[in-house]
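This report describes a strand and its neighbours, and then turns to the aromatic side chains and the chain as a whole.

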Amino acid sequence: MWKTATAAALLALSVGYFYHSGTDVQEHILHYVNMPVFQFLSPGVDSQTRVEQVISDAWETLITLPSRQWSKVAVGVNACVDVVVSGVGLLQAMAVDPGVGRDHDVLHSKEDLKEAFIHYMGRGAAAERFFTDGEVFQRIARAAAEYPGAKLYVGGNAALIAQKFALYPNLAVLLCGPVGPKLHEMLDEQIVVPPDSLQETDEFHLILEYKAGEEWGSTRAPQANRFIFSHDVSNGEMSSLETFIVSLEDFQPDLVVLSGLHMMEGQGRELWEERLKEAVSAIAYIRKAVPIHLELASMTDKEYMNSIMQEQVIPIVSSIGLNEQELLFLSQASDGPHADMAAWDGIPDVGCVSDILHWILEQHGRSDPASEADLTRIHFHTLAYHILATVDEYWGNQAEAVMAGARVASSQACGLQTVDVTKVELRAPREFYSSHFEPREKLVLNPTEPVTVWRRGNVVFHFTPVLVCKNPLRTVGLGDAISAEGLVYSELLIDQFL
């Protein structure tokens, strides 16, 4: 009660002072009167907890499944076993000394591995690379499996997305990919794996994790993340793609999720050029009424990305999922907006992200009704916030979908099933612009209704903050979980695709 009375008294004094002050003071007061409620909260842990509690409560109230839900989803085509270890610990155990970081498109040796790991650790960024030497990779893999605390998990974008879908008992899930005995044992029993996808040995991917603030030599990680590498020929050649397409005829899904294109990058241009053409031809066999979601991942070859972007894959899928590095690289590969930026500086600017998303849907999607492209939806995720950009009237329930993706990121990073507000923090910008360029709209985050919506032409943007886990237990697979959850809560306006 006394807090309310005090606030009323202060407001009365402010109003009186307002009318007896100059213009500059009046504008200063109006700035604070128009600020969101959470900006008046007292500094300190308690006030922060209240903001996060408000957002978490709003999510629980507002997130609802769409009236029309998927019944069958087919996912392919990369699957493996992830070996997760401490990156610094493993490299030290291998007698590798710290040094200077340097990026490598492909890894040929332990020295390349060390330099690439340091390069990305220093930026707190995720990356994935192909290791060309099979014998050296097997020695590193054995050292990783024997390292104290090493853990085995279901891996590969397709398998991880399938695992997330399998949490919904009314959703039938088909997974195609190189599934070995260990991976098959770890998969949810609800997931159907065609016999032709089973193989005698597993493909292993090594995931070198690091914590926020962890140091190695002169390198310090600004945030927790991971560096992934493998010598994975089956996934690298997308050898399960044809099995996947054939399996769709019997399974008859109402949603198809495709991933693993990034794995072909390390195989060389001659192989990926031919295989990409075959992939496009295979995708063309999928019924037009069935939406296709493409999950992207870390890539370094601009020609390869440009082929995916310009004329090969992106125009023939309905939806894509990607993070901030993949979004910027996609723009750089095709001379899109902000392509001159070398990298994001901290939390990606919302206006710049919005510019690139809008450009993709304008130039390579169906924002123009006369376009023959199928792309109408992009699910963007970064550590502090998510955005769903859609062409108007093609997708429904997108506010709920973007919140659902953020909620799963907040809980899963902490190793929990639900959000614990004492273990997360709000890092999203409180105010931001709809574009980096004029004309643009100034937007404000409201924690009681944590979805900010704006339009650019016929493209609709839904923004929501992420409650970032303070001490993440596992970062691998978060992007896949985000995309899967966003798709579960999305509704396709079917007549638009017929």
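In the hairpin of β20 and β21, which has two residues between the strands, G457 adopts a positive phi near 65 degrees. The model is a predicted one, in which local features need pLDDT of at least 70 and side-chain atom pairs count only at pLDDT 80 or more, while totals for chains, interfaces and linings use all residues. Residues are numbered from 1 along each chain as its sequence is written, and side-chain values use heavy atoms, with hydrogens and water left out.

Helices (H or I, at least four residues) and strands (E, at least two) are DSSP runs numbered from the N terminus, and two strands pair if DSSP finds at least two bridges between them. Strand β20 (residues 452-456) pairs with β21 in the antiparallel sense over five bridges, and V453 has H462 of β21 as its bridge partner. Strand β15 (residues 385-391) is also antiparallel to β21, to which seven bridges join it, and here Y385 stands opposite P465.

Seven of the seven residues of β21 (residues 459-465) are buried (under 20% relative accessible area, with a 1.4 Å probe and protein chains only), so the strand is largely enclosed by the rest of the structure. In a regular strand the side chains alternate between the two faces of the sheet. In β21, V459, F461, F463 and P465 point one way, V460, H462 and T464 point the other way, and all are buried.

Rings of Phe, Tyr and Trp (its six-membered ring) pair if their centres lie within 6.5 Å, and planes under 30 degrees apart count as stacked, over 60 as edge-to-face and the rest as tilted.

| Pair | Centre to centre | Angle between planes | Class |
|---|---|---|---|
| F131 and F137 | 6.4 Å | 45 degrees | tilted |
| F137 and F229 | 5.8 Å | 90 degrees | edge-to-face |

The pair of F137, in helix α6 (residues 134-146), and F229, in strand β10 (residues 225-230), links distant parts of the chain, 92 residues apart. F137 counts as buried at 2% relative accessibility, F131 at 0% and F229 at 0%.

Across the chain, 57% of the 498 residues count as buried, and there are 16 helices and 23 strands.

Technical notes:
Buried < 20%, exposed > 50% of the residue type's maximum accessible area, 1.4 Å probe, protein only.
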